[in-house]
Amino acid sequence: MTIPDDIHYTALSQSVLTAIDARVKHGITENVFPAAAICVHHRGKPVLNAAWGWQGSETEIPLMVKARFDLASLTKLLTTTAFLMQVEQGRVSLDALLVDTLPEFGAVNPRPIGSGQNPFTKVHLPVLPEFI
């Protein structure tokens, strides 16, 4: 991990920095995530500002510490977890229609289910007859 000279990391020991670096690099190597940028402040001062990985999957441009990520992936995880907790508590069923759980979903401009797309090949997937 390259630590910029203009940032002083007095609140984090070298062993903590090494541990963070090792865990992030492991996540990238194991394809858990393609890149990471971490900025930690303590009492209003930066104690860690580092980046790992690449700006894109098909580029060799290193990720910059000023990179920002959207929260779409994080909200998917949180929404899925919250929904599965509702399933576990018996409040909703995995077999229930979305409109049965969220009536608002079908109240405005209902549309038929369209096909999804394979994220790797970009080929549109067929819609199963039971969902039409």
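**Reading a predicted chain, piece by piece**

Trainee: In this predicted model, the loop between strand 2 and helix 2 (72–88) holds Leu 71. Does Leu 71 count as buried or exposed?

Mentor: The cut-off for exposed is over 50% relative accessible area. Leu 71 has a relative accessibility of 55%. Because that value passes the cut-off, Leu 71 counts as exposed.

Trainee: Which residues make a nonpolar surface patch with Leu 71?

Mentor: The patch covers about 400 Å². Leu 71 itself sits in the loop between strand 2 and helix 2.

Trainee: What is the order of the elements in the protein chain, from the N terminus on?

Mentor: The protein chain has four helices and two strands. Helix 1 spans residues 14–29, while strand 1 covers residues 35–42 and strand 2 covers residues 45–53. Read from the N terminus, the elements run α-β-β-α-α-α.

Trainee: How many bridges join strand 1 to strand 2?

Mentor: Strand 1 and strand 2 run antiparallel. One of the pairings sets Ala 37 opposite Ala 51 in strand 2, and another gives Cys 39 the bridge partner Asn 49. The number of bridges joining the strands is eight.

Trainee: Which residue of the hairpin takes a positive phi?

Mentor: The hairpin of strand 1 and strand 2 has two residues between the strands.

Trainee: Which residue forms a salt bridge with Lys 25?

Mentor: Side chains of opposite charge can pair when their charged atoms come close. A search of the whole structure finds one salt bridge. Its closest N and O atoms are 3.1 Å apart, and both residues lie in helix 1, four residues apart, about one turn of the helix. The partner of Lys 25 is Asp 21.

Trainee: Why does Asp 21 count as buried while Lys 25 is partly exposed?

Mentor: Buried means under 20% relative accessible area, and partly exposed lies between that and the exposed cut-off of over 50%. Lys 25 has a relative accessible area of 41%, so it is partly exposed. Asp 21 counts as buried because its relative accessibility is 11%.

Trainee: Which residues does Pro 62 touch, leaving out residues up to four places away in sequence?

Mentor: Pro 62 lies in the loop between strand 2 and helix 2, and at 45% relative accessibility it counts as partly exposed. Its C-alpha atom is 7.3 Å from that of Trp 52, ten residues apart along the chain. The residues that Pro 62 touches are Gly 53, Trp 54 and Gln 55.

Trainee: What percentage of the residues of the protein chain count as buried?

Mentor: The accessible surface of the protein chain comes to about 11000 Å², of which 60% belongs to carbon and sulfur atoms. The chain has 132 residues. Residues count as buried when their relative accessible area is under 20%. The share of the chain that does so is 12%.

Definitions and conventions
Residues numbered from 1 in each chain as written. Predicted model: local features only at pLDDT ≥ 70, side-chain atom pairs only at ≥ 80, totals over all residues. Heavy atoms only, no water. Salt bridge = Lys/Arg side-chain N within 4 Å of Asp/Glu carboxyl O. Buried < 20%, exposed > 50% of the residue type's maximum accessible area, 1.4 Å probe, protein only. Pairing = 2+ DSSP bridges. Patch = residues over 30% accessible without salt bridge, like charges linked within 9 Å, V, L, I, M, F, W, Y side chains within 5 Å. Areas by Shrake-Rupley, 256 points an atom, 1.4 Å probe, with all protein chains shown as cover. Contact = heavy atoms within 4.5 Å.
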